[in-house]
Amino acid sequence: MKRKIEEYKRALILRGKGKSIKQIARILGVSVSIVSVWCRGVRLTDKQIENLKRRKIRIRHLRKLARQSHLEKVKRVQKLFQIAKAEVGPLSDREIFLTGLALYWAEGFKSLKEARLGFCNSDPAMIKFIIRWLKKGLKVKQEDFILRTEFNLSHKDREEEIKIYWSKITGVPLTQFEKPFYHQSNWLREYPSRDNYFGVLRIRVRKSSELLNKMRGWISGLAVI
């Protein structure tokens with residue numbers, strides 16, 4: 001109660017100095033409606049009213065400039081995106097092979113303990129590229145893929161939804177999915193919507209020990225650049 005009285009008195013002082021209701025609410029950390037009730041008996045001078053009107057106009061102008069600046073920035077980013085995309089252009093078979101190889105070098109399973117090809121990532125575009133690359137570049141057959149989803153335990157109720165999502169991305173039927181792996185730790189990353197989270201996908205390839213050995217050699221070839 002004492003704190004409320006102090007806030008009330010301070011609100012009256014600030015209003016008497018010509019502060020706006022929103023300014024006072026922000027300074028005191030209380031709602032605009034409360035400040036409005038507290039200060040309804042305080043009369044402002046003509047000069048104070050004029051200053052508040054000018055301030056309101058200035059704020060509107062600054063917001064308009066901020067919106068314009070944001071739109072211009074969006075246009076610049078979109079233009080740069082299109083220019084950069086055009087610079088890549090069509091890829092040759094060799095360029096596609098080397099691109100996939102570089103991705104595998106970064107995200108693929110390649111340690112000496114591994115016995116077959118494997119890849120893990122959460123980016124659907126990258127997963128789609130790797131699947132196509134394995135099929136077309138390395139001649140991996142559709143039936144040789146073994147997929148497993150990995151996601152936080154808090155999304156266990158979405159298990160089937162997540163599997164269907166990755167099945168559509170990869171074109172691999174649900175019958176080739178293993179039992180999912182649940183992470184029980186609290187993840188720091190936040191998603192705008194719970195439904196936008198699909199965990200990561202782990203890809204394995206049956207009978208690919210020879211391909212894995214070649215993969216290590218190809219990666220070694222890249223490493224000398």
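Predicted model: local features only at pLDDT ≥ 70, side-chain atom pairs only at ≥ 80, totals over all residues.
Me: Where do the domains of the protein chain run?

Reply: The assignment places domain 1 at 1–44, domain 2 at 56–89 and domain 3 at 93–223.

Me: How many helices and strands does the protein chain have, and in what order do the elements run?

Reply: There are eight helices and four strands. Read from the N terminus, the order is α-α-α-α-α-β-α-β-α-β-β-α.

Me: Why is the protein chain described as more spread out than a compact globule?

Reply: Compare the radius of gyration with the globule rule. For 225 residues the rule gives 17 Å, and the protein chain has 30 Å, well over that value, so it is more spread out than a compact globule. The C-alpha trace spans about 85 × 45 × 30 Å along its principal axes.

Me: What about contacts by sequence separation? Which share comes from residues 24 or more positions apart?

Reply: Among contacts with a separation of 6 or more, such residues account for 73%.

Me: How are α6 and α7 oriented to each other, and which residues make the contact?

Reply: Helix α6 (residues 124–136) packs against helix α7 (residues 159–170) at about 50°, with 9 Å between the axes. The pair is therefore oblique. From α6 the contact uses P124, I127, K128, I131 and K135, and from α7 Y165, W166, I169 and T170. By class, six of these residues are nonpolar, one is polar and two are charged.

Definitions and conventions. Residues numbered from 1 in each chain as written. Heavy atoms only, no water. Domains from an automatic or database assignment. Axes fitted to C-alpha atoms, helices over the stretch in contact; angles between N-to-C directions. Helix = DSSP H or I, 4+ residues; strand = E, 2+ residues; numbered from the N terminus. Parallel < 35°, antiparallel > 145°, perpendicular 65-115°, else oblique. Contact = heavy atoms within 4.5 Å. Nonpolar A, V, L, I, M, F, W, Y, C, P; charged D, E, K, R; others polar. Rg over C-alpha atoms; globule rule 2.2 N^0.38 Å.
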